[in-house]
Amino acid sequence: MNAPLINIQDISFEYEQTKALENISLKVEEGDFLAILGPNGSGKSTLLKIMLGLIKPTKGKIELFGTDSKNFKHREWIGYVSQKSNSFNSGFPATVEEVVAGGLAKKSGLFHRMPKNYKVQVKEALEAVGMDAFIHRSISELSGGQQQRIFIARALVAKPKVLILDEPTVGIDHQNVQSFYNMLASLNRDKNITLVLVTHDVDTVTDKITHVACLNQTIHFHGYKDQLDTMSDEKRKAWYGHSVRKIHHAGGAH
Ligand SMILES: Nc1ncnc2c1ncn2[C@@H]1O[C@H](COP(=O)(O)OP(=O)(O)OP(=O)(O)O)[C@@H](O)[C@H]1O
């Protein structure tokens, strides 16, 4: 069996005043669609930043694709769409094509030439998120949810093996959340992209994901989504600070 794509081994992290993560171990295997769930301030964004190598754990070790993260050379294999990407300056004068092509510029370095077939690659990435019809539109004319898809295309154009998304449904209205998840599920299923998604809204857990990790400074549960129903009330309270009702397979938690 291949090494996990992300293997977090007993890490802890403290900001100057605040203990954010304690003794976290978590594996993300190829093909997983993992949702990390937890209340505000439970350490979700901190955990993502550690996965991305943006901050170093105070204790513990991370392996990426079987290599100690200190020696890992293929950061382009891990795509990231940050929480802030959809609170984007709406006056920004760029077309969708330019924004997505920016994901390639990042890969080849600012002073390198764009690959010859960059337009084909941009189009493919936009098709993958169902936004190819918008290629010549200005990014500022799009809705929050449409912009979010464009930022996912921008990450996809660099052909990552894992895509990490920090609260991607913020700014997407309720009716469109389901189709947004369908799009992510098809990236996972049809394009074989491993997905790690963070959200603090338990309702966004749908039947599309494969795994769940419940975080609140420590991991209270990690496993197949269907096993989450076996979590005791006591554990749920410890995780979320109050009782969270069971997650139903088609419609999320209630
Ligand atoms: N840059 C920072 N400096 C100091 N403390 C921080 C910093 N960033 C986060 N924290 C603290 O670390 C803890 C975890 O924060 P984190 O942002 O990882 O949580 P989160 O689960 O992503 O929260 P939210 O759902 O509100 O986005 C919180 O107590 C927070 O106040």
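Colleague: How do the residues of the shell around the ligand divide into nonpolar, polar and charged?
Modeller: In this predicted model, the shell around the ligand divides into nine polar residues, two nonpolar ones and one charged one.

Colleague: And which residues are the closest to the ligand?
Modeller: Twelve residues surround the ligand, and the closest of these are Y15, N40, K44, S45 and T46.

Colleague: Which helix gives the largest share of that shell?
Modeller: That is helix α1, which spans residues 44-51 and contributes three residues to the shell around the ligand, the largest share.

Colleague: Switching to the sheet, what is the order of the strands?
Modeller: The sheet is an open one made of four strands, which run in the order β2-β1-β4-β5 with antiparallel pairing. Strands β2 (19-28) and β5 (67-68) stand at the edges, and each has a single partner strand, so one side of each is left without a neighbour in the sheet.

Colleague: How many bridges are there between β1 and β4?
Modeller: Strand β1, residues 6-14, and strand β4, residues 59-64, are paired in the antiparallel sense over five bridges, and I8 stands opposite I62 in β4.

Colleague: Now helix α3, which residues are buried there?
Modeller: In α3, which covers residues 118-128, the buried residues are V122, A125, L126 and A128. They cover an arc of only 155° around the axis, which puts them on the same side of α3.

Colleague: Why would residues three or four places apart point the same way?
Modeller: An α-helix has 3.6 residues a turn, so residues at that spacing point the same way.

Colleague: What follows α3?
Modeller: After α3 comes G130, which has a positive phi, near 70°.

How values were computed. Residues are numbered from 1 along each chain as its sequence is written. This is a predicted model: local features need pLDDT of at least 70, side-chain atom pairs count only at pLDDT 80 or more; totals for chains, interfaces and linings use all residues. Two strands pair if DSSP finds at least two bridges between them. Helices (H or I, at least four residues) and strands (E, at least two) are DSSP runs, numbered from the N terminus. A residue is buried if 20 or more other C-beta atoms lie within 10 Å of its own, exposed if 12 or fewer, and partly exposed in between; C-beta atoms are placed from the backbone. The arc is that of the directions from the helix axis to the C-beta atoms. A residue is near a molecule or strand if its C-beta atom, placed from the backbone, lies within 6 Å of it. Ala, Val, Leu, Ile, Met, Phe, Trp, Tyr, Cys and Pro count as nonpolar, Asp, Glu, Lys and Arg as charged, and the others, Gly among them, as polar.
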